[in-house]
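Trainee: I am new to this structure. Please show me how to read it, step by step.

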Amino acid sequence: MTELRLFNSLTRQLETFQPVHPGEARVYTCGPTVYNYPHIGNMRAYVFADVLGRTLCFKGYRLTHVINITDVGHLTDDADAGEDKMEKMAAEKAQSIWDIARHYTEAYWADIKALNIRQPAQWTIATDYIDQMIQFASDIADKHCYELASGLYFDVSTVADYGRLARAVTDDGEGRIDEVAGKRNAADFAIWRKTPPGETRQMEWDSPWGRGAPGWHLECSVMSGAVLGFPFDIHTGGIDHREIHHPNEIAQNQAHCCTNGLDVAANSGANIWMHNNFLVERSGKMSKSSGEFLRLQLLIDKGYHPLAYRMLCLQAHYRSELEFSWEGLGAALTRLKRLVMAVTNLRAQADPAKTPGPRFADHLKRFDAAVADDLNTAVALTVLEEVATTKKVDAGEKLAAIVTMDAVLGLGLLHLDRAELRVRPKAVEMTEEHIAAAIALRKELRSQQNYAALDRNRDELAAKGVEVMDGDPLGWDWKLGE
């Protein structure tokens, strides 16, 4: 098999994966702050991390993947300004912050399941690790921190190469961020925030620096180190984390492990730092402040199966910006349907005990080369489609090759059928049975060349929110009308 090469954001170059522990792969992924539903841009990070984990398993490594749940400490500004996101949402909803966290954690987990993202080895919940966070902060406080009225702050000048991940330091070593009153350095950040005098928060704990709550950056350092040990293999997250959150994590890790500069990647806490790029949506509905923002359930409500979105993500390299459009999502759904139909036909013919066999050795070699090349899923998909359209071959061997590849891509092809991919849009008034009957009538009218009745049939369906697609190359279908 081709050696696995991954792009390390810390060194800005492709590197051969060399595990810290032979035969193992330990991965930590920054999870959501559960103050609201995740939007589809957020979910791209977890599709990417899932493909990474599947690829490591495909390559024969024993995977330990950890994803955290942030239920405290994340401010509305990713630095040190603004309100705690969880406290703010609890106040807006007039609910317990614990109920808010539970509701949105379960909603996130539902999206994880809908996108066929595998369960990690462990979900780490921030509030379960408060004691460890206080101990971690205590261990580094004397050498690396100072106290202000608002909390305990990390002095970034006490570690070498601060900001290298973000490239936030100029060649002359001076920071690009203006100084903030009260801090020794502009980039210093709070690792423990005191509750202001006269206030009470729903989530607060006693600490050596007063009653309060941990900083967001502290949480990930503590949870990743506690479960995976320093250094571990790979740390993943969205590209937005590369500028503030992850450089601050790295600084804490350096302080905790008593390590030196970042010329040695392991000193950062992880050997490789990986970041997926943004999902771009031109109408402005990606922001959660926009009201009806683009979350996975909205896609489903409009009649798109969630795995169409996974397909959309796989069509682009994780380090490239991906533009979202309804037309692009529809095209991804059609592409998924073609694969599902091919596999459905194979399952009816194939001997499930077969292996890919020599006929598909070259396809598997090219597929392996694609995913080993920094998870090039776009190329890997085309190889999978080549296999699906290969004719005059043993059905069992062909199906086995597809299953092997889909174990990495995670489209669930072995268990899907076309009927599942046709999701009834929420706004459609007719039942699915009535739609099916109307489309069956449409077929009959077309066979009779009764075009006047066909037009009436189309108008009746359109009035009830159903747009028929006579030109659908895969057969008769319908979607939500615009």
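Mentor: Start with one definition. Buried means under 20% relative accessible area, exposed means over 50%, and partly exposed lies in between. Keep in mind that this is a predicted model.

Trainee: Which class does K354 fall in, buried, exposed or partly exposed?

Mentor: K354 is partly exposed, because its relative accessible area is 31%.

Trainee: What does the side chain of K354 meet in a salt bridge?

Mentor: The general idea comes first. Side chains of opposite charge can pair when their charged atoms come close. Here the side chain of K354 meets that of D394, at 2.9 Å from N to O. D394 has 32% relative accessibility, so D394 counts as partly exposed too.

Trainee: Where do K354 and D394 lie, and what does the pair tie together?

Mentor: K354 sits in the loop between α9 (326-349) and α10 (361-372). D394 sits in the loop between α11 (377-389) and α12 (395-409). The pair therefore ties together parts that are 40 residues apart in sequence.

Trainee: How many salt bridges does a search of the whole structure find?

Mentor: The search finds 19. Among them is D161 with R164, where the closest N and O atoms are 3.5 Å apart. D161 is partly exposed at 29%, and R164 is partly exposed at 27%. E243 forms a salt bridge with R242, with the closest N and O atoms 3.0 Å apart. E243 is partly exposed, at 36% relative accessibility.

Trainee: Now the sheet. How do I read the pairing of strands?

Mentor: Strands of a sheet pair through backbone hydrogen bonds, either parallel or antiparallel. In this model an open sheet has 5 strands, in the order β5-β4-β3-β10-β11, and the pairing is parallel.

Trainee: Which are the edge strands?

Mentor: They are β5 (122-125) and β11 (270-276), since each pairs on one side only. From one strand to the next, the twist averages 20°.

Trainee: How many bridges join β10 to β11?

Mentor: There are 6, and the two strands run parallel. Strand β10 covers residues 232-238. F232 stands opposite A270, a residue in β11.

Trainee: Which strands does helix α1 lie across?

Mentor: Helix α1 (residues 40-58) lies across β3 (24-29), β4 (62-69), β10 and β11. Its direction is at about 155° to β10. Helix α3 (residues 97-114) also packs on the sheet, touching β4 and β5. The direction of α3 makes about 145° with that of β4.

Technical notes
Residues are numbered from 1 along each chain as its sequence is written. This is a predicted model: local features need pLDDT of at least 70, side-chain atom pairs count only at pLDDT 80 or more; totals for chains, interfaces and linings use all residues. Side-chain values use heavy atoms; hydrogens and water are left out. Two strands pair if DSSP finds at least two bridges between them. Helices (H or I, at least four residues) and strands (E, at least two) are DSSP runs, numbered from the N terminus. Axes are lines fitted to C-alpha atoms, for helices over the stretch in contact, and angles run from 0 to 180 degrees between N-to-C directions. Contact means heavy atoms within 4.5 Å. A salt bridge is a side-chain nitrogen of Lys or Arg within 4 Å of a carboxyl oxygen of Asp or Glu. Buried means under 20% relative accessible area, exposed over 50%, partly exposed in between (1.4 Å probe, protein chains only).
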